[in-house]
Amino acid sequence: MLKIWKSNCVTLIEQSLESMEKGSWLNLVSPTAEEITIVSALSNVPVDVLKTALDEEERSHVEIEDNYILVVTNIPMMRGKDSYDTLPLGIIITPDYFITVCLEQNEILKAFSNDNARTFSTFKKTRFLFQILYKSATLFLRYLQQINRRTDDIEKQLRQSMKNEEFFQLLELQKGLTFFTASLRSNGIVMEKMLRLRTNSQLQHLIKMYEEDEDLLEDVIIENKQAIEMVEMYSNILSSMMDAFASIISNNLNIVMKFLASMTILLSIPTMLASFWGMNVGVPFMGSEFGFWFVISISIIITSIAAYGLWKKQLF
């Protein structure tokens, strides 16, 4: 899907290919080969460059050429209640256009709509780029807070149920944190490189960085570093929690097995005595009318002694 927008500091105006003006934002979401070819012809950006962000495994990086700058950043995605992932977002700045390429619709680009059109400008390409990066960093932080709250909920459930389902949920969250860690680190490298471009006079026709833009980029770097610290902390907490609850479950299992073993020993005593007196041979109390009660009494006494011994050794 290809959408073309141009802002006028008040609202976003959707444009067609025929009426497209300089300073427009070309947003490609899961584009077709034809749409990529059209955008390539209009912007003089190679097709292979436009397809870079369509690889799900693409890592964050920056490519600088004479007629364009390609910034690939990884953005957070929420796949389900406990499932988090990252997705590459390609941002291409040319002298005339601002191009974004992504495999899926995402919350980052949805945030730049008519509702807040006064806060950004498609023709201020450098600031628009940093605003997208800032939105991505804040979304990482928001998802990390959600993961932390979800971890607390699962911990409460684990204290009560100790089921495997909760462990699978924690494992899914830990996998999401692993994806976040790798993406945030590579995004940080990209941002540091973007900050160094402010001294490159040869790129002024592509990216102009004013003082406000530098401040915004520094804010993005700070938010990204904060997200890295949070994801590392939550990952350590989650890993420690899983280890602790695994030990608790193992200990509870040992207690249950110890109890069952003790019960087996106690039940075997009357069973053994009943087997002896059930033989077709002469046995004590055979001719007594109280023989049955004698045997029961003996079983109770021996079983009680065995139970007391197990209790003293804390095996029962």
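Trainee: As what does Ser-30 count by its relative accessibility?

Mentor: This is a predicted model, in which local features need pLDDT of at least 70 and side-chain atom pairs count only at pLDDT 80 or more, whereas totals for chains, interfaces and linings use all residues. Residues are numbered from 1 along each chain as its sequence is written, and side-chain values use heavy atoms, with hydrogens and water left out. Buried means under 20% relative accessible area, exposed over 50% and partly exposed in between, with a 1.4 Å probe and protein chains only. At 41% relative accessibility, Ser-30 therefore counts as partly exposed.

Trainee: What is the phi of Ser-30?

Mentor: Helices (H or I, at least four residues) and strands (E, at least two) are DSSP runs numbered from the N terminus. Ser-30 sits in the loop between strand E3 (24-29) and helix H1 (33-43). Most residues other than glycine have a negative phi. Ser-30 is not a glycine, yet its phi is positive, at about 45°.

Trainee: Where is Asn-44, another residue with a positive phi, found?

Mentor: The phi of Asn-44 is near 60° although the residue is not a glycine. Asn-44 counts as exposed because its relative accessibility is 58%. Its place is the loop between H1 and helix H2 (47-50).

Trainee: How many residues lie between E4 and E5?

Mentor: Two strands pair if DSSP finds at least two bridges between them. Strand E4 (residues 61-64) and strand E5 (residues 69-78) pair in the antiparallel sense over 4 bridges, with His-61 opposite Val-72 in E5. The two strands form a hairpin, and the number of residues between them is 4.

Trainee: How far apart in sequence are the parts that Asp-96 and Lys-22 tie together?

Mentor: A salt bridge is a side-chain nitrogen of Lys or Arg within 4 Å of a carboxyl oxygen of Asp or Glu. Asp-96 and Lys-22 meet in such a bridge at 3.9 Å, N to O. Asp-96 lies in the loop between strands E6 (84-93) and E7 (97-102) and Lys-22 in the loop between strands E2 (12-15) and E3, so the separation of the parts in sequence is 74 residues.

Trainee: How far apart are the closest N and O atoms of Glu-107 and Arg-142?

Mentor: Glu-107 counts as partly exposed at 36% relative accessibility, and Arg-142 does so at 34%. The two form a salt bridge, and the distance between the closest N and O atoms is 2.6 Å.

Trainee: What accessible area does the nonpolar patch that includes Phe-292 have?

Mentor: Patches are made of residues with over 30% relative accessible area and no salt bridge; like charges are joined within 9 Å, nonpolar side chains (Val, Leu, Ile, Met, Phe, Trp, Tyr) within 5 Å. Phe-292 is in helix H7 (residues 291-312), and its relative accessible area of 53% makes it exposed. Areas come from the Shrake-Rupley method with a 1.4 Å probe; for residues, only the protein chains shown count as cover. Together, Phe-285, Phe-290, Phe-292, Trp-293, Phe-294, Ile-296 and Ile-300 have about 740 Å².

Trainee: How far apart are the end C-alpha atoms over residues 290-311?

Mentor: An unreviewed UniProt entry places "transmembrane region" at residues 259-278 and 290-311; such annotations may be inferred rather than shown by experiment. Residues 290-311 are 95% helix and 0% strand, and the distance between the end C-alpha atoms is 31 Å.
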